[in-house]
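Please look over this model with me.

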Amino acid sequence: MKLQYRRRAVTASLAVAAAAVGLAVTAPAAHASPEDPTHGVVGSYSATQPGDIVVDAATHRGYITQYGGPTSSLSVVDTNTGKSVGAIDGVVGYPSALAVDSGLGRAYVSSSYGGAISIVDTKTGKVEKTVTLSEKNPDGSRPQINDVVVDPTTHRAYFSDYKSGNIRVVDPNAADAVSSILVHKSATPTKLAFDSVRGFLYIADTNFFDENYGRTLWQADVRKGGALKSIVRADNLYPVDVDVDTNTGNIYMTDTRATNLWAITPAGAILSKTTLSPTAIPNGVVVDAAAGIAYVADVMNGHLWSVDLTTRATTALTDTKVPALEKVKNLALDTSTGAIASTTNGGKVTVVAAYPLPATVELPAAQVGKAYSQKLTAADARATFALTSGTLPGGLSLAQDGTISGTPTAVGSVTVEITAKSVLSRASSVTIVVSEGPVGPVDPGNPGTGTGSLGNLPDSVASAADTT
């Protein structure tokens with residue numbers, strides 16, 4: 001279900017005189033109070049040994065591997081509600097990783113012990129076919145696939161085979177033909193990320209077998225022939241997961257040995273190594289480019305971390321530290337809503353989301369008979385707005401994007417409740433003043449406020465003097 005957090009209504013009046021013209025009155029920006037959570041749990045349920053997780057943002061469905069046996073299944077979660085919506089049976093046994101191609105309506109499921117993968121039709125929820133990546137590796141072992149990603153433009157799927165040092169490639173444009181990209185004879189490619197804007201495949205090489213070789217983050221320009229280059233190599237690097245900020249192209253990589261989140265440019269420059277906590281064991285990472293945040297799963301402390309992509313400031317989201325997030329491990333992002341789906345070593349599938357954080361805006365007082373248009377905003381541009389209590393002054397209406405517009409018909413002061421909603425919702429009280437004419441200076445004895453805000457800040461009025 002969708003949750004709504006509602007603070008107590010707080011309103012203030014704007015005292016105005018009628019002497020001067022052109023004075024806009026603004027209040028200091030409000031700040032979140034300690035009891036205001038920034039994130040909340042949308043929903044959670046138990047699953048059979050949940051492992052990897054991926055989200056199809058087009059359908060708001062998350063797919064989760066359930067590590068069963070020779071035959072296994074995927075659990076399916078609705079990222080808008082956090083509820084289980086069924087399972088897909090008959091996928092390859094011992095599933096280790098999966099990816100979704102929204103454009104083709106496909107999911108790829110790999111096995112940690114074998115060269116076969118299942119291709120699932122996500123529209124029907126049925127296994128479409130089984131494809132063999134490789135019967136055997138050069139040393140006689142079977143491929144062991146640790147991760148898979150999809151290029152949404154070419155629709156090719158890339159599988160990391162850490163036993164052979166290869167990336168296996170399935171091309172649906174060629175009847176699911178399989179080819180290989182050799183990373184290095186000593187490489188053990190584990191986690192993958194794909195920059196859908198620039199066409200770069202990133203390969204975290206943890207090098208399990210050859211200490212003289214070093215640990216590496218590789219970049220492959222797969223849309224232009226697959227040229228490989230090492231962009232970071234370090235003995236003290238122990239990459240666990242990797243994701244890309246598609247706005248900037250920067251790569252974010254978790255490092256268990258140093259409890260760091262690395263930020264790296266596509267050219268290989270290290271922007272930062274952010275230490276989350278001396279006790280943290282970072283694992284999964286997802287980048288919400290729209291919100292400007294990287295989320296990191298902390299297995300040791302049982303909560304998420306948020307890292308600001310601009311300032312690198314870290315916040316432990318301990319308000320989400322509930323049993324559902326104990327030993328949280330793997331993460332996936334619904335890019336269309338910002339919901340974060342997770343799996344834990346404790347057997348839980350949990351969806352967490354941010355409350356729509358406010359961006360304070362000045363809202364001048366309206367005037368009778370004069371066209372009016374002002375916009376409320378939230379920090380996450382994906383949020384929508386709705387009037388949930390009260391009635392706006394006659395002649396004004398609220399659009400879903402937060403625009404209050406129209407031509408007021410009567411003098412007065414009206415307080416309404418407006419809710420900003422993404423996956424979770426937050427309601428605030430907003431006061432709108434309609435005056436007859438030019439607004440004068442504020443009475444020093446009753447300064448009031450002149451800003452409007454929604455979301456995670458104390459409810460405040462959305463009123464200020466007219467600037468005309």
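**Notes on the model**

1. Ile281 touches Thr256, Ala297, Asp298, Val299 and Met300, leaving aside residues up to four places away in sequence. Contact here means heavy atoms within 4.5 Å. The C-alpha atoms of Ile281 and Thr256 are separated by 5.7 Å, although the two residues are 25 residues apart along the chain.

2. A word on the basis. This is a predicted model, in which local features need pLDDT of at least 70, side-chain atom pairs count only at pLDDT 80 or more, and totals for chains, interfaces and linings use all residues. Residues are numbered from 1 along each chain as its sequence is written, and side-chain values use heavy atoms, with hydrogens and water left out.

3. Ile281 sits in the loop between strand 22 (270-275) and strand 23. Strands are DSSP runs (E, at least two residues), numbered from the N terminus. Ile281 counts as partly exposed, because its relative accessibility is 31%. The classes are buried (under 20% relative accessible area), exposed (over 50%) and partly exposed in between, with a 1.4 Å probe and protein chains only.

4. Check two backbone angles. Gln49 is not a glycine, yet has a positive phi of about 45°. Gln49 lies in the loop between strand 2 (39-46) and strand 3 (50-56). His155, also not a glycine, has a positive phi of about 70°. The loop between strand 11 (145-150) and strand 12 (157-161) holds His155. With a relative accessible area of 17%, His155 is buried.

5. What is the volume of the largest pocket? About 1,000 Å³. A pocket is an open set of points on a 1 Å grid over the protein atoms alone, with protein on both sides within 12 Å along at least five of seven lines; lining residues have an atom within 4 Å of a point. Volume is the space filled by probe spheres set on the points, which are joined across faces, edges and corners.

6. The largest pocket has 40 lining residues, with Val54, Val55, Asp243, Leu333 and Thr335 nearest its centre. Elements giving two or more residues to this lining include strand 3, strand 19 (239-244) and strand 27 (328-334). The lining divides into 24 nonpolar, seven polar and nine charged residues. Asp, Glu, Lys and Arg count as charged; Ala, Val, Leu, Ile, Met, Phe, Trp, Tyr, Cys and Pro as nonpolar; the others, Gly among them, as polar.

7. The second largest pocket holds about 640 Å³ of space. Its lining has 27 residues, and Ser96, Asn146, Lys191, Lys329 and Asn330 lie nearest the centre. Strand 3 gives the largest share, three residues. By class, this lining has ten nonpolar, 14 polar and three charged residues.

Key
Helix = DSSP H or I, 4+ residues; strand = E, 2+ residues; numbered from the N terminus. 1 Å grid on protein atoms, 1.4 Å probe; cavity = no way out; pocket = protein on both sides within 12 Å on 5 of 7 lines; lining within 4 Å.
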